[in-house]
Each structure stands twice: as structure tokens, then as C-alpha cells.
Amino acid sequence: MRAILLGCVVILGSGVVMAEARETAPLAETERLFLEFLAARDASAYLETGHVKEWDGAGLETWNERLVARHKALTTSLARLDTAALAPSDQAALAAIRVTLGDIGDPAPAAADGARREPRCEDRHDASLDREGLTAALRACFREIGNTLQFEGGTVDRGGALGLLAELDDPARRKAVFDAFLPLWAAINGANEPDSPYRRVLKMAAANDPVSSSGITAAARSIGVTVDDVERWLAQILAAWRDANPPDLVEPWDYRYAMGEANRRLAQHFPPGAAIALSDRYYRDLGVDLKALGVVYDIKDRPGQSPLAYCDFLKRGRFTEDGGWDKTIARVVGRYEEGGLGSLNELVHENGHATHISAIRNRPAFTDWTDTLFTEAFADVPSWSVYEPAWQRKYLGTELPLDVALRGQFGTAMLDVAWSLFELRLLRDPTLDPNALWTDITREYLRIKPHPELAWWAVRVQLSGPGYMVNYGLGSVLTAEMRRATAEAIGSFDAGNPKWHAWTADKLLRYGSEKTSKQLMDELLGRPLSPAALLAEINRIK
Ligand SMILES: [Zn+2]
């Protein structure tokens, strides 16, 4: 409540009131500049995607100039602050501003060069690239090669190919789709030599993980546990999955098919556009009107579109002079015009992010994402529901057997857990052989036949920057806890629940970056976080 009042003070306009505001709110001017800087950053990031030519009356060049000027004004203001004199609440606000700035980085050098030159895939051999540069080069490989995989005389993109692995009935055709990834794997990990592009970025990331805001150490800290605790939980989750499933080994090109029966059985219920319509309807039933929130969608196929689905701020919300709220606008990027249950699951996840940031009501310093672990976990709270029989009955008029539905839900989620364990162990010891480690983990827990000659782990863009996958793998522990606590408080929401939006906004979302995963989860649960809720979910398969 106090933070919200401060937020009101910050944007008061008249000079007299501002002078007073500065006395009572020493960060007011810095926070105003922070919001201005973020407006430029958000506009610039949006225009760089090429979805539109102008935002808020200006093009990319203008916004980039503003970005540099506003960054300078903000850093000058930060340097002038008498930080020692700040009250604890302002110290916390200032710390949040610094975290956000650290995540965004200094925009000046890139923009000063004129046209910003993003690394291309071919740059991955450039020994002068730093961690960010090499990560960007590997991400470019996912875009350049991953968007044009060769299959049966045509091309298919990476997401489409993973979809085909779950859909094609003929094992030989699945093997052919799997082999279509070979050029991508060769680009990312060469011939698995110790200085392959991936193994070089891994070594850089290992040195950086303790200070990275989205790395494994950060994820562990954000829930108040150690990296060893995280490793133990991940292994526990995977072991529960192994023990709940049949013991037969499958080929890696058959795994997604074995898990994908849910998608196949429901495919007929997803004509073009159905995923978008179903997501909108489900959110309305949760009390969220995505149209009214003003979410901007970049979901139609177009050249140069991101290979990765994501959600970002397009405009940060702020309190108005009369105590109202000038709303946040979120934007969602992805491909959802085609696709079945898996696509819908991803779209509901992205809309979960849009709901999250649209619900922030806090002073400018905190109008940013909650930490990455919480953010990814929360987006799955509604997205898991589409695998529930209650959801399917209401929205599709049919339902799957529980084990088929849960395999559809957790089969790919367990790959995320496996990647989390993979990255955790590699970041601890970057001299390990990634192919061998991936083979060990997937053979032991997912019952996948060994193919250590292949870097078949390299199908997720996020692996370009090692340490991110834990936000999905470990995130599932938080997701299961949040889903259980929410249902206990307001009743089931799998088939909609009008209380859901207001309740989650109040308990979890309105704080923005003010609270950590640990604070939010401790307050929600009244006890330490545990993997028990997730293990119980997995064991429903038996
Ligand atoms: Zn996400």
C-alpha cells in the first residue's frame, strides 16, 4: 500500500508539487527518468522485431536516439543520488532499478555504431565474441538453420519439426525429421570437440552464472535454496517420472510421439485459429479480458519473425494524477494460427505472461518482471489446465484418459527438467562432454536409447545461453505449488473461475519486481517450498 502511494507521488506534474514530492520521495525524479528510459527501451525492442514501422508516432531511429539520451539522463541522475540517505523502501526500489538496468545492459555502444549488427550464425567461430555475442550467434543458428530444416524435399521450421516428431505415425518419417536437425546440431556443437561453439559459450556462462540474473545460481537464490538442493529436486522429479512410466527404452525420435498421443487424439478439435479462440475464451472465464488489456499480438507468419515465442512489455503502466492507472501494454510473439493442444498450451503460457505484467500496480521502480523463475512458473499456472480432463470437457466437449493427458503435459515438461539438470551439471563442470551427459540423463530418467554421437539435446533456442532452462525445469515445482494453493483458496480453475484474475493479481502479480519468488511463495504457502505438489501431480499417472 505504501509503495502504491509513493508511485502516485512520482508522476505528479506541477513544479510546486514536484518540489514537495522530492522532499518526501527522494527517488521521484530518478523513477520518472527510469520510466522514460523503459518507454524507449520497450519501443525500440518492439520496432526491432519489424512487426510495425512506427510506435507512438516515431520510428526505430528516433526511439534509439531517445534510448541513448534517456539512458544517459538516468545514469546521471543515479550517480547524483545520496544513496546512504535513502530510507530502506527507497533502497529496495533503487536496487530493483539497478537489476532492471543490469538486465537491459548499456544501449549506448551498439546504437552509437549506427545500424546495430547482430551476430550471425557464421560468427560462432569468431574467438573475439564475448558470452553475449556468442549466445547471439548461436541463437542466429537456430533462426537461420532452424527455420529451414530440410525434410522430404521441402523445408520445415524447428517448432514444426518437433511437432511432426509427435504427430507422424511412420517411424521412418520420424527418423527423417530427426535427421533434419543434423545441420543445426553441427552448427551448435560441431563434432562435440572441446572447443565447439556450444562448449565455448558454456565455459563463459559457467564463469558468469553466479552473477547472471537468470542463471541457475540466481534461480536457487531466488527461492532460498542451494544449487545442490536444486540438483536433488530435479533428480527426484525425474526419478518419480521414470518410476511412473513403462520401463521400455525408446529411440530419441520416438519419444515425443510416445508422449504426444494427447495431441494426436485432440487434433481434429483444432481447425486453424482454434488455439487463439480457445485461449481467449479460457482467459475470459478466468476473469481476464485480453482485448481490454490491449495485448498486442505478433502471431501471423512473416519473414524475420522470432524463432522463439515470448512476451514483453510494450508500454509500462503508471499511476495517474487522479490516482488511476494508465495501463501496461504487453506484446506476445509466436505462431499460433495452426497447431493443436501443444500450441494452445504455449499460447496460454504467453498470455499468462501478458496477464502477469498487466496486473502490476506498483511504483515505477518495480514496474518490471518478477524474477525469471517466478515469471516462467506463473505462466504455466493456467497453461497446465489445458491438459486437465475438466478443461477438455468444457472447451472441446471431449476428454482424454488421465494417463494420456498427463503424458502429454509432462512428457515435454520432463525434457525441460532434464535440460535443467544437464545445464546445472555442465555449468558446475564445463569440461564434461555434453553429448555423454545428455545420453546419461535421458537414458536413466526418460528411458531413451543412447546416442552419444548426436547433440540431439540442441533443439531449444534457450540453450544458446546456458543456465536459462532451470527457469522451466525448476519452475514446475513452483507451478504445482501455486496451482494447488490457488485451487485450495478459490476452488478449481481448470474449467474457468471468475475469481482467478483478481485473486492471483492480489496475491502474486501486483508487486512486479518488488518481491522475489521466495517472498511470494512463502506468503502464499506459509511454509518452505517443496517438490511434493509436483511429485503428487506426476504420480497421478500411475
Ligand atoms: Zn515464458
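1. Let's start with helix α10, residues 182-189: L184, W185, A187, I188 and N189 are its buried residues. They sit on the same side of α10, because the arc they cover around the axis is only 165 degrees. Keep in mind as you look that this is a predicted model.

2. What do the buried residues of α10 pack against? Their partners are α7 (131-144), α11 (197-208) and α22 (434-446). Just past the end of α10 comes G190, whose phi is positive, at about 50 degrees.

3. Now step back to the whole chain. You'll be looking at 27 helices and seven strands. Along the principal axes, the C-alpha atoms fill a box of roughly 75 × 55 × 45 Å.

4. On burial, 48% of the 542 residues count as buried. As for contacts, take those between residues at least 6 apart in sequence: 73% of them join residues at least 24 apart.

5. In soluble globular proteins, nonpolar side chains tend to be buried together. Here the largest nonpolar core has 146 residues, and C141 and A418 touch the most other members. Which helix gives the most to this core? That's α21 (residues 402-428), with 15 residues.

6. A418 deserves a look of its own. Leaving out residues up to four places away in sequence, A418 touches L238, I441, T442, Y445 and L446.

Definitions and conventions:
Residues are numbered from 1 along each chain as its sequence is written. This is a predicted model: local features need pLDDT of at least 70, side-chain atom pairs count only at pLDDT 80 or more; totals for chains, interfaces and linings use all residues. A nonpolar core is a set of buried Ala, Val, Leu, Ile, Met, Phe, Trp, Tyr and Cys residues joined through C-beta atoms within 7 Å. A residue is buried if 20 or more other C-beta atoms lie within 10 Å of its own, exposed if 12 or fewer, and partly exposed in between; C-beta atoms are placed from the backbone. Helices (H or I, at least four residues) and strands (E, at least two) are DSSP runs, numbered from the N terminus. Two residues are in contact if their C-beta atoms, placed from the backbone, lie within 7 Å. The arc is that of the directions from the helix axis to the C-beta atoms.
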